[in-house]
Amino acid sequence: MDVIRSALVGSCLLALGWGSASAQQVTDVPGSPSATTTIDGKQLPPPDPKFGGIIKEKASDSTPWWAPRVVPPKGAPNVLLIMTDDQGFGAPSTFGGVIPTPAMDRIAKAGLRYTNFHSTSLCSPTRAALITGRNHHSVGFGVVGEVATGFPGYDSIIRIEKGTIGTTLKANGYATSWFGKDHNTPSYQSSQAGPFNQWPSGMGFDYFYGFVGGDASQWQPNLFRNTTAIYPFEGNPKWNLETAMADDAIQHIKQLKEIAPDQPFFVYYVPGATHAPHHPTPEWIKKIGDMHLFDGGWNKVRETIFANQKRLGIMPENAKLTPWPKELPQWDSLGFEEKKLFIKQADVYGAYLAYADNEIGRVIQAVEDLGELDNTLIIYIGGDNGASAEGMLNGTPNEFTTFNGVEVPVKDQFLWYPFWGSDRTFPHYAAEWAWAMDTPFKWVKQVPSHFGGTAQGMVMSWPGHINDVGSIRSQFHHVIDIVPTILEATGIPQPDTVNGIKQIPIEGVSMMYAWDKANANATSKHTTQYFEMLGNRAIYSNGWVAATTPATLPWELSSATPPDVISGYNWELYNVQEDPTQFNDLAAKMPDKLKQMQDLFYSEAKKYNVLPLDNSTLARWNAPRPNLTAGRTVFTYSGELSGVPASAAPSILGKSYTITAEVTIPEGGAEGMIVTEGGRFGGYGLFLSKGEAGIGRGKAVFLYNLLDLKRTMWEGPELSAGKHIIVFDFRCDGPGLGKGGTGVLSVDGKEVARETMKNTIPVTFPEDETFDVGLDTRSGVAMIEYRYEPPFKFTGKIDKLTFKLEPFTPEQEAKAKP
């Protein structure tokens with residue numbers, strides 16, 4: 001019988017065109033409804049199989065045949081791939097930090113800790129490299145998608161020939177899902193109009209629950225289920241995305257295992273924590289605050305972390321703590337108020353990391369409760385880059401002040417002190433804390449040349465397959481090594497083609513060789529790795545690193561012209577086998593070695609789409625890129641429209657404009673939002689007031705929110721029943737960032753208010769807010785006066801809403817430049 005069955009298997013699989021019979025693993029009789037098979041994985045999706053039954057004139061004389069269901073190879077594990085955001089190497093307790101991370105500790109004790117694992121130094125580039133197994137420039141993410149430019153290494157497009165791990169595992173029978181941050185959908189493709197091929201669902205993930213973009217409020221995020229915006233936080237003030245995301249992931253995994261217990265899952269779990277805004281729950285803020293972890297200040301915390309790292313074996317005894325930079329103040333030089341504020345900032349950050357790790361722990365525990373822990377490869381990466389210094393020197397209650405180049409003085413920040421971390425803030429700690437969280441290294445997020453920007457603590461477990469549990473591995477590795485590790489563990493090859501497109505080879509190497517205790521001290525198989533971000537660069541090769549000295553400070557947003565991207569940088573040289581913290585610069589002593597390393601960098605740069613080098617920032621932010629608004633100056637809407645990202649909305653920044661709303665007011669009056677973009681932390685809104693106890697309801701109001709620092713209001717009369725025309729006309733003072741101007745509000749052809757603003761928002765409205773017509777999603781632009789609760793739907797009728805934009809000409813822009 002076995003001989004007959006084997007013959008049937010071989011003949012049917014050959015008929016399927018799915019490779020040689022010996023390469024397949026088949027269950028049950030081929031052609032039966034219960035049959036399954038693996039595929040050779042070279043062509044994805046696999047070709048449709050040929051019918052293997054017999055067809056005669058009568059069904060009774062014919063033989064039915066079903067295509068076997070595709071399954072992964074026998075023994076292929078579930079995969080839980082976790083990565084947090086903006087988490088420095090020295091932040092978690094697992095790698096010597098003072099912030100408790102028991103979930104990460106748990107995986108480290110059950111598996112391995114990797115102490116020489118690296119990112120790209122910035123969010124979406126690391127994420128693109130992580131899910132493709134290729135360098136970030138190779139897959140179009142040489143920089144974050146918000147500043148994409150029209151070069152292959154920088155256009156924020158992951159092309160088909162560089163398919164994701166989701167695509168590969170899904171086609172081989174895995175259930176694939178993505179929870180949390182999606183920073184790899186191009187900003188200019190993130191609207192309801194799509195296209196959706198660069199959304200998670202188009203990159204091989206069956207299910208997505210998370211937000212799109214660089215950051216999001218954890219209290220009112222721009223949240224999606226697949227490609228549909230959802231608002232579960234409305235009317236639920238205690239709702240928080242960290243918990244909601246864990247709940248959704250747990251339910252999703254439970255559902256999968258109850259419906260299809262034999263089907264393995266691939267869960268990509270990437271919370272927004274600990275990227276700003278730092279939004280833990282009040283309970284976690286109290287818990288961490290009561291521990292007084294940061295009362296001694298950033299210099300003392302740094303010393304404590306380094307001592308812990310040596311005690312744990314994270315750093316060798318000969319490692320040296322890199323010096324504190326002169327650009328950042330010492331803790332002892334600060335006054336009482338500064339220390340009080342900065343401790344609060346760190347307590348909230350610490351609470352956010354501890355809270356996020358706790359929710360990750362719930363997901364891991366759910367896997368164990370389902371009896372799947374022993375069959376699950378868990379990879380937990382602490383951060384997609386080093387700790388973030390984007391709060392500037394004093395921190396900020398609103399991260400978008402940083403992105404707009406506005407520093408908030410310490411004394412002003414105390415207005416937000418009592419509710420730091422709540423939905424009334426979008427907070428980020430001071431840059432000095434970022435340097436401390438990257439202990440023992442130099443530099444921070446955005447800086448790829450030094451390990452402070454790229455070193456990430458990473459832990460990995462798979463019971464029964466790692467035979468040196470609780471140990472440490474110091475081999476050099478990079479995020480591009482995760483995909484080949486997963487493929488080797490699952491027994492699934494990289495495909496030759498995806499959707500008929502020939503695949504570019506994966507550029508990382510598997511890390512599985514280091515799982516064996518015998519290879520604890522083996523030489524790393526990842527021998528060479530370039531780094532580049534915003535013109536700053538480095539090259540690693542066999543224990544040596546050559547790196548440029550950063551020419552700009554990541555805690556300053558400057559519009560000044562950067563140095564020449566080639567000749568304007570000094571280079572440093574380190575032997576990181578002997579000097580793991582990059583303490584001792586050997587460039588002056590070994591110029592020949594430095595030259596050799598520099599030449600290697602440019603060779604790698606040509607190979608992986610790194611050229612042309614570009615160290616501009618603001619210019620790239622403002623550079624034109626494909627979008628649905630290009631060339632348009634008139635926009636027309638009616639009724640309701642919500643959740644439109646900035647890339648698909650009329651931009652009023654840096655120009656004159658006119659907004660005309662033709663509305664019909666019902667008997668009894670109306671209230672609600674006519675049009676808005678932004679929210680609590682910056683933006684504008686044209687609306688009819690809610691009023692108090694029926695008093696003042698229905699007044700025409702235009703409100704401009706300058707980064708939650710100042711609100712300017714234009715107020716008109718209450719509108720009676722019938723048709724009305726409301727016009728807000730703004731005349732900008734001239735070209736230039738943040739220029740002010742004069743606005744006039746008119747109702748039915750009569751001017752009712754005129755106000756002048758000294759400044760407007762110079763660069764960007766909040767990234768996680770949207771353009772809405774007829775309602776206001778997420779947070780409202782008003783704070784005290786004219787306050788309302790979203791969605792604040794307009795209760796009249798919007799017959800027609802028109803934006804007319806009047807951008808300055810290139811000649812006017814050029815003339816205005818100093």
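## Close-up views of helix α8 and its partners

**View A. Helix α2 packs against helix α8.** In this predicted model, helix α2 (residues 102-110) and helix α8 (residues 336-369) pack at an angle of about 45°, and their axes lie 7 Å apart. The two helices are therefore oblique to each other. To find the contact, look on α2 for P102, A103, M104, R106 and I107. Their partners on α8 are D357, I360, G361, I364, Q365 and E368. Sorted by class, this contact of α2 with α8 holds 6 nonpolar, 2 polar and 3 charged residues.

**View B. Helix α5 packs against helix α8.** Here, helix α5 (residues 241-259) meets α8 at an angle of about 10°, with 9 Å between the axes. Angles under 35 degrees count as roughly parallel, so α5 is roughly parallel to α8. On the α5 side you can pick out E242, T243, A246, D247, A249, I250 and I253. Facing them in the contact, α8 supplies Y352, Y355, A356, E359, R362, V363, A366 and V367. The residues of this contact of α5 with α8 divide into 10 nonpolar, 1 polar and 4 charged.

View C. UniProt, in an unreviewed entry, lists residues 77-492 as "domain: Sulfatase N-terminal".

Key
Residues numbered from 1 in each chain as written. Predicted model: local features only at pLDDT ≥ 70, side-chain atom pairs only at ≥ 80, totals over all residues. Heavy atoms only, no water. Axes fitted to C-alpha atoms, helices over the stretch in contact; angles between N-to-C directions. Helix = DSSP H or I, 4+ residues; strand = E, 2+ residues; numbered from the N terminus. Parallel < 35°, antiparallel > 145°, perpendicular 65-115°, else oblique. Contact = heavy atoms within 4.5 Å. Nonpolar A, V, L, I, M, F, W, Y, C, P; charged D, E, K, R; others polar. UniProt positions renumbered as here; feature names shortened; annotations may be inferred.
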